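This report covers a ligand site and a strand arrangement. Look at the sequence and the model first, then read on.

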Amino acid sequence: MNRSPMLALNNGVPMPALGLGVFLSPAEQTARCVTAALRAGYRLVDTAAVYLNERAVGEGVRASGLARDDVFVTTKLWVTDFGYDKALAACEASIQRLGLDHIDLYLLHWPLAGAFDRTLDAWRAMERLLAEGRVRAIGVSNFMPEHLAQLCAASEVIPAVNQVELHPYFVQAETRAANERLGIVTQSWAPIGGVFGRKPEMQGSAPHPLEHPVIAGIAARLGKSPAQVIIRWHLDQGFSVIPKSVRTERIRANFDVLDFTLAAEDLAQIDALDTGQRAGPDPQTFAVDTYPADVYDQ
Ligand SMILES: NC(=O)c1ccc[n+]([C@@H]2O[C@H](COP(=O)([O-])OP(=O)(O)OC[C@H]3O[C@@H](n4cnc5c(N)ncnc54)[C@H](OP(=O)(O)O)[C@@H]3O)[C@@H](O)[C@H]2O)c1
């Protein structure tokens with residue numbers, strides 16, 4: 001069976017580069033998706049407290065029959081749990097829901113630019129969770145270079161991962177460069193343009209990235225699907241990538257990208273589709289009430 005390429009995190013922990021995302025995967029379908037992914041060769045699953053499917057992720061991992069150490073599970077601390085004590089308690093609650101003895105990668109889900117002290121308090125709790133072995137690596141999500149600079153100036157541990165919106169229409173050159181300078185792995189969310197499916201108005205007159213003629217052309221020439229070409233574009237640049245699907249065939253196909261690479265000209269053509277515009281929320285203004293969310297009713 002094919003195996004994902006591996007990335008070394010800055011604390012030496014190995015992380016599979018290619019994983020399954022489960023944002024908006026309904027809880028009642030998620031265990032099946034996770035088991036299908038693990039059978040297809042995936043070894044990384046990306047969830048979050050706020051996705052309300054951590055229990056199902058744990059069920060899917062156990063149903064796969066794989067050893068715990070063979071699976072890498074990421075989950076995220078939601079912004080309503082920022083603060084030191086709340087973060088410690090929220091991590092334990094996630095571990096309980098997952099039914100695992102530890103989390104492999106724990107991320108701050110968003111920076112709270114307007115309440116950065118609370119963001120830093122949450123990060124200090126994550127540092128403690130790391131020291132105590134409750135989590136094997138800690139990182140951030142949706143951090144812009146200025147947020148990384150603020151965090152790193154005020155703390156001991158450099159994040160291992162920064163998971164950000166990254167797809168052919170938003171290539172995040174500055175954030176990638178900042179991550180690289182700090183030895184942080186860039187992990188792409190909405191990697192195949194999922195955010196446009198949720199917000200079609202963001203595309204304006206442009207097609208969905210999976211339907212863009214440049215990507216469709218490369219895919220046709222290589223005998224691959226557009227999704228496979230875009231997933232390869234992430235891997236070929238050294239990113240971690242976590243495409244989501246609830247369909248077993250797509251889950252399998254999205255992993256079936258390990259037998260080819262893109263030529264430099266193909267990578268450059270896809271890079272040129274960048275619009276410089278994010279489609280998801282703006283990390284500068286993200287606040288606790290940006291999304292009404294209650295992660296306590298699980
Ligand atoms: N940190 C953050 O703030 C943040 C934000 C958003 C997402 N994420 C993480 O990143 C993961 C991926 O991002 P995402 O879910 O937003 O978007 P995505 O993976 O780019 O796209 C998912 C969408 O594409 C469809 N799809 C999947 N494979 C396909 C294929 N081969 N051909 C055509 N369509 C396909 C899926 O539909 P079906 O399910 O029907 O197949 C779904 O609608 C999430 O699941 C989550 O784990 C993190």
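## Residue classes

Ala, Val, Leu, Ile, Met, Phe, Trp, Tyr, Cys and Pro count as nonpolar; Asp, Glu, Lys and Arg count as charged; the others, Gly among them, count as polar. By that scheme, the shell around the ligand holds 13 nonpolar, nine polar and six charged residues. The model is a predicted one.

## The ligand shell

How many residues surround the ligand? The number is 28, and the closest are D46, S141, K244, S245 and R250. The ligand takes up the space of the largest pocket. Two elements give two or more residues each to the shell: α7 (194-198) and α10 (248-255).

## Polar contacts and burial

On the backbone side, a polar atom of F23 is 2.9 Å from a ligand oxygen. A backbone N or O atom of I192 also lies 2.9 Å from an oxygen atom of the ligand. R250 uses its side chain: a polar atom there lies 2.8 Å from a ligand oxygen. Taken alone, the ligand exposes 900 Å². The protein buries 87% of that area.

## The sheet

Eight strands make up an open sheet, with parallel pairing. Their order is β3-β4-β5-β6-β7-β8-β9-β10. Which strands form the edges? They are β3 (20-21) and β10 (240-241), each pairing on one side only.

Within the sheet, β8 (residues 161-165) and β9 (residues 185-189) run parallel and are joined by five bridges.

Terms used:
Residues are numbered from 1 along each chain as its sequence is written. This is a predicted model: local features need pLDDT of at least 70, side-chain atom pairs count only at pLDDT 80 or more; totals for chains, interfaces and linings use all residues. Side-chain values use heavy atoms; hydrogens and water are left out. A residue is near a molecule or strand if one of its heavy atoms lies within 4 Å of it. A polar contact is a pair of N or O atoms within 3.5 Å; within protein, one must be able to donate a hydrogen and the other to accept it, and residues adjacent in sequence count only if both atoms are side-chain atoms. Accessible areas come from the Shrake-Rupley method with a 1.4 Å probe; for residues, only the protein chains shown count as cover. On a 1 Å grid over the protein atoms alone, a cavity is a set of points where a 1.4 Å probe fits but cannot get out, and a pocket is an open set with protein on both sides within 12 Å along at least five of seven lines; lining residues have an atom within 4 Å of a point. A molecule sits in a cavity or pocket if more than half of its atoms lie within 2 Å of its grid points. Helices (H or I, at least four residues) and strands (E, at least two) are DSSP runs, numbered from the N terminus. Two strands pair if DSSP finds at least two bridges between them.
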